[in-house]
Amino acid sequence: MTGPLLSVRDVSLSFKGIKALTALSFDVAEGEICSLIGPNGAGKSSLLNVLNGVYRADAGEIVFAGERFDRPTPIEAARRGIGRTFQNNALFKRLTVLDNVLAGLSRTARAGLFDHVFRTGRARREAAAFRDLAETAIAFVDLQGHRDALVGQLPYGVQKRVELARALVSEPRLLLLDEPMAGMNHDEKAEIARLIVDVNAELGTTVVLIEHDIGVVMGLSDHVVVLDYGRKVGDGRPEDVRENPDVVAAYLGTRH
Amino acid sequence: APATHAEEAKQQYFPLATFRVGAYASSGIPVWAGTIDYFRYINEVEGGINGVKLFWDECETEWEVEKGVECYERVKAGRDGSPVPLFLPHGDPISKALTEKSVADKIPLVTTGYGRTEAIDGRVFPYSFTVLFSFWSEASSVVNYIAEIEGGKDKLKGLKIATVYHDSPYGKETQTPLAFLAEKYGFEDIQIPVPHPGNEQSAQWAKIRQLKPDYVFLRGWGVMTPVAIKTAAKTGFPVDHVIGGIWSGSEEDVRPAGAVGKGYKAITPFPAGADFEILKKIKAEILDKGLSDLKDPKSFGSVYYNSGVIEAIIAVEAIRTAQGKFGNRPITGEEGQWGLEHLKLDDARLKEIGAEGLVQPLELSIKDHEGGGAGKVIQWNGEGWDIVSNGWVKSDRDLLLPLIYERAAAYAKEKGITPRSSDSAAN
Amino acid sequence: MSADAEPILAVEAVEAVYGGVVLALRGVGLTVRAGGISALLGANGAGKSTTLKAISGLIRSERGRVTAGRIRWRGTDIVDADPSRLVAEGLVQVLEGRHVFPQLTVEQNLVSGAYVRGAASAEIAEDLERIYAWFPRLKVRRAAKAGYTSGGEQQMVAIGRALMTRPKLVLLDEPSMGLAPIIVEEIFEIVRQLNREAGVSFLLAEQNAHLALRYADHAHLLENGRVVAEGPAADLAGRDDVAASYLGGGEPAVRPRRRRPAPSIQPDIGP
Amino acid sequence: MSSLAAAVSVPAPVLLPLHRTSTGLVTGLGLLAVAVLAGLAVDDYWFNAILIPFLIMALAGLGLNLLTGYAGQASLGTGAFMAVGAYATYNLLLRLPGLPLPFALVGGGLFAAAAGVLFGLPSLRIKGFYLTASTLAAQFLLPWAFNQYGWFSNYTTSGSISAPRLEFAGLDLSTPQGRYFVTLAAVAVLTWLSINLVRSQAGLAFMAVRDMDTAAAVAGVPIARTKLTAFAVSSFVIGVAGALWAFAYLGTVDSRSFDLDRSFTVLFIVIIGGMGSIAGAFVGSAFVILLPILISNVATTFFAGAVDAGQLENLQKILFGALIVVLLIKEPAGLAALFAKFRRRLATWPLRP
Amino acid sequence: MAFFIETLVGGLLAGVMYSLVAIGFVLIYKASGVFNFAQGSMVLFAALTFVTLREAEWGFVPALLVTLAVVVAGAVAIERFVLRALVAQSDLTLFMATLGLSFVIEGLAQILMGASVHELDLGVDDLPIEFGPVLVSRFDLVAAATAGTLVVGLSLFFNFTRTGISLRAIADDPLAAQSIGIRLQRLWRIVWGVAGVVALVAGLLWGARQGVQFSLTLVVLKALPVLVVGGFTSIAGAIVGGLLIGATESLAEIYVGDLLGGSVSTWFAYVVALGFLLVRPAGLFGERAIERV
Ligand SMILES: Nc1ncnc2c1ncn2[C@@H]1O[C@H](COP(=O)(O)OP(=O)(O)OP(=O)(O)O)[C@@H](O)[C@H]1O
Ligand SMILES: Nc1ncnc2c1ncn2[C@@H]1O[C@H](COP(=O)(O)OP(=O)(O)OP(=O)(O)O)[C@@H](O)[C@H]1O
Ligand SMILES: [Mg+2]
Ligand SMILES: [Mg+2]
């Protein structure tokens, strides 16, 4: 396939009086890790929400894998292979880690209600296959020890990994990660970063990442997009962005 | 407390499914007091029914179906070897839920002033006894009372009679007979439903103001009645042209309406008053001796209290009748059925009991589980009830019975019941 | 200030249990000196948040309980004290994870912090301006419902709201989480400023150990519900074991990586 | 094998607790055996007043639990859906002579499911107590219609419907024991199917929608379809319970038997028993249906005569209310959770905590 | 036309009575997110206490004051023994607890004050006043005025005072509210106390209309659709919702009821409410749930 995997064209979004995104355009190539950075309230999370159908853009186009895809519903986005983690952990709190991860496979589920209720062969086969996948994903993010714990009672950092596993398990083509390392210490961040790199490298998953730790961003990204007040103020290789005086002033502060 | 349990096997067990708690406690408390007081009177003064004393258990139903069923099941096997002669379910829904169980268990259900109208046909409903006054009779008696005050049935022609009813199976049950009678007598039958619980009726009475009926037949239930009376007054409808049904005609129904309730009338098989012979006796022997179940002596002689006494009289007389055939001992349900189906309370017998004027003359048979079918009209004077009808107002039972038999036959068909023949009376 | 003055907060051998079953703290002891900034470091699940909630009394609202130990706040025992009393006395907690009142506006959120003092309106307005000066972004969004603001904005609201109580000791749970680097710097500067100018003490639970150790004067290291190390921040920052697991031995979390061509693998899952 | 699995190879563990059915299956079969034995041993009182209503309300609780406990949609339309089940079964048996009883029950359930879907449509837009309140539209509309239009009750004067022929394969099931076994069979089968459901991917979808619907949608759960499925399945079970309530328990009912109080009772069963727990429906039903009977039996045995009857009844009511409050304070997640905790304690005993 | 107006006015006045009950719910829901099932029992208890005192020959004012004291004491007890122990539990759990509470209150009411039906005379006579061809009840006008005053007062109090904002904070996030020193327990006591007072007013007015008896608890059924239309969290919504529901119900009874041949007002209000919800999922004035990801 030629051309970018994801192409955002002039996307705008506003809420009563607040312009969250203003005519935003950028591309993400297949297989790259693209970071979104910008001050608080710049519109980063809103952008992810538009991409996977949680919000509907006011205007603009989105092209994903060569197809127009302007105002998807979350389901459509999921079906096409867009996975997602959230800034405020959006987990199924009263389910175990394993069940949370299994729920991540919903987009590929084929067995119907009848199959499930009567435990037909098809349902059983699917369940077995799903479980293998889920176990693998759990192992991948190193959560075996918590497999049967209720997610609501896990520490924040562990929850973040559960969310990652849930997003990963169905092997999306595009993974949208909203601050997956917030609230983690150095070691833990390194661990998550390694996971992201692995996913990207081993599965070829394209990643769009929001992160405030600039060290992580620099180390991880192929490509950085900078937002401020809903507009793009920078777009390029990490090194270039870091030198950009606007970015330094608005976002990084002098110490970095 | 029940009588001593020493020689219980020689005593007649009589379970009481009371409702002293919950939404209907205010009526339940006097009803059961009436029943228990009469039983105590029988035990204390008359030494039992032909020497067989009564003893009883209470079981609370809160007037809820499931609790009623549970009670029935708990008590139906009798106690200490003494069987259950008949059961007073006291509640329309409960009695329906017990209809079939009672057949299987051979325990008669006696429903006075409520219950299935079709159950008048004992061939199809062998163990249901809609004694005294069915809802159809109620409707017909009200029409006949209106005729009485208008000066004859021919005066009914052209009248408008509006029925304001509780929108439930109970409330709708008089629609069929009223439509039939309207056709027959030429009055206009207007039906106005009030949804449960009926605490807001401005729309209904606005409609009445518009339609200007001559009389309103109020088939209320619970709080619907006082609200109707108040709303009638509020909309300027003359309260003395409102005639309440059986369950809209107690002190509890009018008292909350306050001063505007004065003049309100109701039809009832349970005339109020403490002057009936038997009530005087109960007062002297039970109430004044501190044996009464009644907490609030004001309720003595009220509609509900008297209804409890009336039920008890019917029960006792049915047992007595059965004893006539089966011997002076505790009676089983099957024998109780026989007793009921051969119950005859004529004026003479009523006089003996002291229930003249309180209980209407009754004669039951297999084909007729109602027996009476008449009510008295009472009018609220602000303090109590006055009887204003000319004795018992009879219903047009001869007109209605064929219709009722038809319905019973349809039920039998639907359920695959083979009706008993009406002259299997001997068994 | 002398080191042996009575600490403003002293936690001794505290054990805490959630729901009668989960033992989250197994004997935590720490002190915060009046006018000091203490840092509480530890991995996910070490019990940092629980420690703070045990101090503020909020643990009881999560069906938790302090089962052993003592917590002394300015000389009095406060296990089981009513949280609102503690706030009135100047001990306030900023909860982890942006607990704002979503249906209230940003400004109402902030103002609600001043109620416990029964402050006069003029005084509130003044404090409000100070908060807005620190967080200009909040001034822009002052009329928005807090529930609709961005993650970082909510964090600012939560911190600002706590400061509106005019505290003496602030328990800050992960203040840097989700904030842009420039704001993080600013928040720590505000902490330092409040500490120096108004004498407010702080107990910081923080994952960003670099930053925490730079601003704190004292630090405690929590592991599995126990304090395993403590000391002046500078000393701890110098210790090898601490550096290795909390500071990444001075390395950035992620090293720059080389590009690789992406293998093109189609997802094939399903039965 | 997927590519993800190829990326990291970790042996999949053998023990998979959620899907571990062996002990559950043993317990379930054990309980069923006890229930069957009970059916051979007890008398009419136990059938008619205890076992049958207990099982039916547990079934209704189970149905509502699928919707409320699992899919997170609290409904107060239970009574209405029970009514649909009852009236539909009645009419099927009446109008299709020769239709075997199990088919009529399933048919009644299907009608209820359809009603459930219809009144579940608002859930696509409305949430929380607003949704709960909107289900009241069903609760008031449907029983009203059954009362209003005589066709539903085959034009009986009393507007009530009566148990049709309860027979299957030549067996007369209208005796208390027969009705008990009909009930038990229906409850056992539906419980088994419900367990299958909640343990499947479909059940997971329910719970995902309950816990956080946006996240569920993003994971690819079709929210609308899942909610409506939950309404359908739940109403099916509730509909069957309604038919059993009418015909296996009461025999004759009218629309009042399915009033708002019925809906509340079932909701209590679910909450008291434990939301999102199949066993919870049974424990909850025991609490709500059996406890008052127990209290009342105990009270009449020990206090009758000593205390005024009316006051005694009131005290029982207060006691029951207070028990509910105390239970919720002790264990907001319901009796099932309380038992689970108790089991865990036992397992670790004498170790603390 | 006169008939139409009369029906409409009757409906509106009835609607105000519904609002009166609805406000009690709104107060508690606003403050603690609890849907208080016991509101009906509180209405009954308050009215019953008052009539019992009156029947024991107490003067109007002393009886009213003592009833107030009883109601407030009850509210404080509820906060102390039920709510405090259940802080931060799920909505349904709290709802359930209030159900248990209603059993306790109803049982107590009957033990203490018996089960009889009482007349309650507030001294407002209930005869019709004619405005041209339209009849209006004086009592209903008084009731409407009372309810209106209550609504205005409470709206002002809750929207413009610190207590009001604190209450909304508690309902949003009790943990965070506690963390900044908002005194949950004190505020809950206030709110339950005020809800008790509202219950008393509702109990008196409804009691005067229909007698003081057990079925007073059923007036809550009338309040539910009002809440749905107006929104669970808005006092102003309760009054607007009440008017809307009262009017539609009354008109529907006349104009739709005839078509369908029955009393439609049981369900009509709910269907109307449902229609409203489809357009505005949190009622007219309610707060929409916020879910940000
Ligand atoms: N409400 C709760 N119920 C049960 N267990 C809990 C609860 N809150 C926390 N825990 C448990 O207590 C332990 C300590 O958790 P705590 O939140 O204090 O850790 P933390 O150090 O703050 O971690 P993080 O860095 O992830 O915020 C963890 O094992 C956690 O699972
Ligand atoms: N649903 C919504 N309703 C109203 N305003 C919203 C909504 N979602 C986002 N906003 C506003 O849009 C702006 C962008 O928010 P967004 O969450 O995208 O920021 P962000 O870049 O992710 O910030 P942060 O780094 O703090 O998470 C913010 O000002 C926010 O208040
Ligand atoms: Mg964001
Ligand atoms: Mg923490």
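1. In this predicted model, helix 1 of chain C supplies three residues to the shell around ligand 1, which is the largest share of that shell.

2. The shell around ligand 1 comprises 19 residues, of which the closest are Gln153(A), Gly45(C), Ser49(C), Thr50(C) and Glu96(C). Because the residues that surround ligand 1 come from chains A and C, the site is shared between chains. Sorted by class, the shell holds eight polar, seven nonpolar and four charged residues.

3. For Gln153(A), a backbone N or O atom lies 2.4 Å from an oxygen atom of the ligand. On chain C, a polar side-chain atom of Asn44(C) lies 3.0 Å from an oxygen atom of ligand 1, and an N or O atom in the side chain of Gln207(C) is 3.0 Å from an oxygen atom of ligand 1. Ligand 1 taken alone exposes 630 Å², and the protein buries 84% of that area.

4. A separate point concerns chain E, where Ser19(E) is found in helix 1 (residues 2–32). Ser19(E) has a relative accessible area of 0% and is therefore buried, the cut-off for that term being under 20%. When residues up to four places away in sequence are not counted, Ser19(E) touches Ala238(E), Ile239(E), Gly242(E) and Leu243(E).

Terms used. Residues numbered from 1 in each chain as written. Chains lettered and ligands numbered in written order. Predicted model: local features only at pLDDT ≥ 70, side-chain atom pairs only at ≥ 80, totals over all residues. Heavy atoms only, no water. Near = heavy atom within 4 Å. Polar contact = N/O pair within 3.5 Å; in protein donor to acceptor, adjacent residues only side chain to side chain. Areas by Shrake-Rupley, 256 points an atom, 1.4 Å probe, with all protein chains shown as cover. Helix = DSSP H or I, 4+ residues; strand = E, 2+ residues; numbered from the N terminus. Nonpolar A, V, L, I, M, F, W, Y, C, P; charged D, E, K, R; others polar. Buried < 20%, exposed > 50% of the residue type's maximum accessible area, 1.4 Å probe, protein only. Contact = heavy atoms within 4.5 Å.
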